Amino acid sequence: MTISSLGLFVISVLIAEGQGTPKRFPDDFKFGVATSSYQIEGGWNDDGKSESIWDRYVHENPGRIYNKSNADIACDSYHKSDEDVEMIKTLGVDYYRFSLSWPRILPYGTTDYVNQKGVEYYRNLIKNLKKNNIEPMVTLFHWDLPQTLQDRGGFLNEKIVEWFRDYARLCFQLFGDDVKTWITFNEPKQTCMMGYGLAIFPPRVSGHGILEYKCTYYLLKAHAESWHVYNEEFRQRQKGRISIVVDFSWWEPMVANNTMFIAAAESGIQFMSGIYANAIYLGDWPEIVKQRVNERSRKEGKTVSRLPAFTEEEIARIRGTYDFFGVNFYTSVLAVPNPIPLPSGILNDRGCLSFQSPKWEGAGSIWLKVTPWGLKKLLKYLKETYNNPEIIITENGYSDTGELEDDKRISYIKQHLEVILEAREEFGVNVTAYTAWSLMDNFEWIIGYRDRFGLYHVDFTDPERKRTIKKSALYYRDVIKSRCVDGKCE
Ligand code: GBH
């Protein structure tokens with residue numbers, strides 16, 4: 001260290017300490033806001049777009065969606081993207097996270113036919129964002145698989161690796177000059193566990209502890225192959241970055257300082273989230289997942305494990321395919337050991353149960369309890385478990401019934417921002433960005449339009465889908481401007 005660099009170092013330490021209050025975000029911390037294609041776009045069959053598995057599902061099973069709603073029109077963003085950009089601009093965010101609809105770009109799923117109208121829609125949106133100094137952060141897959149690929153087996157056909165890789169390559173070619181942050185998959189758990197395990201989301205296949213793992217195995221390979229495509233064919237010229245987004249709840253042992261409960265919590269977080277992250281950030285399945293599923297398979301008299309084994313080659317190919325750690329965080333659960341031997345299935349394989357305390361503050365959604373302390377613990381856990389990666393919070397948000405004076409949403413965001421600052425200060429967690437879910441009220445999957453997550457209200461009874469700013473949007477705008485959680489720094 002030279003004298004002058006030592007001087008600079010001392011000065012920066014003094015400045016850092018002088019700031020005293022941990023309530024201020026550094027200037028290079030980024031703020032964003034998020035949506036996803038199926039939840040906002042509408043235009044479900046406009047201009048050559050084909051059906052996604054969600055289109056098919058809501059049309060064939062209206063009764064399975066709250067109030068028999070669907071997203072045929074949703075927020076009508078397919079026709080209102082200029083207004084969307086105006087709203088985003090008002091917030092003053094650094095970036096907008098949205099997703100591309102695969103069947104809008106590739107109606108047959110594969111790259112032999114590209115729907116130019118679909119491409120144009122995203123090209124206009126991206127240009128408009130750039131013009132307004134808003135960085136696009138683009139998710140390639142937020143659950144709306146082309147139905148035509150589902151008809152060929154979807155995520156149970158190994159071809160999904162090629163289909164997705166080719167779709168990803170096309171998107172890098174089409175939009176990569178302007179898009180510098182890519183996300184391959186949003187929340188693989190919802191695709192594999194909810195779609196091919198518990199059969200709650202389309203394609204509603206019951207996996208019995210077999211197909212949810214098979215889906216995960218192919219999905220991780222598809223992620224890795226597209227990362228390699230970006231890395232080898234685009235990175236040098238386009239200079240962007242690409243990763244996956246895994247959703248994590250925090251798992252707290254229901255009984256503290258009890259090894260059985262601590263082990264239950266660790267198993268819970270590994271089966272529910274680590275299973276989608278471990279191969280990418282560390283290599284292979286999490287140890288506890290391998291151990292439990294392999295042993296249970298043996299006890300069930302199976303000659304091969306229900307969990308597909310990665311070859312050494314596959315482990316090496318998938319390991320390291322990330323440029324940052326994308327995490328969605330909403331809530332926490334309490335873990336309890338479940339020693340009762342139950343039939344195969346991911347929820348039974350994990351050997352624990354989850355509960356939420358009735359003492360925790362609720363929200364509009366039954367599963368969402370306000371637990372900012374859980375995010376703080378999770379951030380420390382992620383740092384320690386995954387070798388201190390750069391962490392981007394790609395979603396965090398609060399649901400209610402759509403009130404404009406949404407003080408509870410403000411309080412939720414504020415508390416989560418506070419713990420992010422604390423985790424950075426106290427544990428040195430490298431969180432560099434925060435994304436609020438969501439820009440506006442939208443189609444909240446099977447709960448339809450009941451649970452509202454928006455910073456803007458949307459009137460779904462109005463053919464114009466009128467959007468109205470909520471108090472929380474103004475709060476978030478002030479945070480971004482002042483870089484302080486209470487929206488004002490002295
Ligand atoms: C995210 O999922 C999604 O990325 C986003 O699209 C969504 O709008 C947002 O968060 C809010 O939900 O039906 O009772 O079995 C968050 C995780 C997964 C939580 C599905 C609710 C359904 C539970 N969500 N889960 S239930």
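Helices and strands are DSSP runs, numbered from the N terminus; a helix has at least four residues and a strand at least two. The structure described here is a predicted model.

Two cis peptide bonds are described first. One joins P202 and P203, with omega at about 10 degrees. P203 sits in the loop that links α9 (188-196) to α10 (211-238). A cis peptide bond also joins W437 and S438. Here omega is about 15 degrees. S438 belongs to the loop between β11 (431-437) and β12 (456-458). Such bonds deserve a check by eye, because most peptide bonds are trans.

Backbone phi angles come next. Most residues other than glycine have a negative phi. W143 has a positive value, near 85 degrees. The loop between β3 (135-141) and α7 (147-150) holds W143. Its relative accessibility is 8%, so W143 counts as buried, the limit being under 20%. R465 also has a positive phi, near 50 degrees. R465 is placed in the loop between β12 and β13 (467-469). With a relative accessible area of 11%, R465 falls under the 20% limit and is therefore buried.

Helix packing was examined for α11 and α12. Helix α11 spans residues 259-281, and helix α12 spans residues 287-299. Their axes come within 9 Å. The crossing angle is roughly 105 degrees. Angles of 65 to 115 degrees count as roughly perpendicular, so α11 and α12 are roughly perpendicular to each other. On the α11 side, the contact is made by S267, Q270, F271 and I275. On the α12 side, I288, V289, R292 and V293 take part.

The surface was also examined. M254, V255, L353 and F355 make a nonpolar patch of about 320 Å². F355 lies in strand β9, which covers residues 352-355. The relative accessibility of F355 is 40%.

Definitions and conventions. Residues numbered from 1 in each chain as written. Predicted model: local features only at pLDDT ≥ 70, side-chain atom pairs only at ≥ 80, totals over all residues. Heavy atoms only, no water. Patch = residues over 30% accessible without salt bridge, like charges linked within 9 Å, V, L, I, M, F, W, Y side chains within 5 Å. Areas by Shrake-Rupley, 256 points an atom, 1.4 Å probe, with all protein chains shown as cover. Salt bridge = Lys/Arg side-chain N within 4 Å of Asp/Glu carboxyl O. Buried < 20%, exposed > 50% of the residue type's maximum accessible area, 1.4 Å probe, protein only. Axes fitted to C-alpha atoms, helices over the stretch in contact; angles between N-to-C directions. Parallel < 35°, antiparallel > 145°, perpendicular 65-115°, else oblique. Contact = heavy atoms within 4.5 Å.
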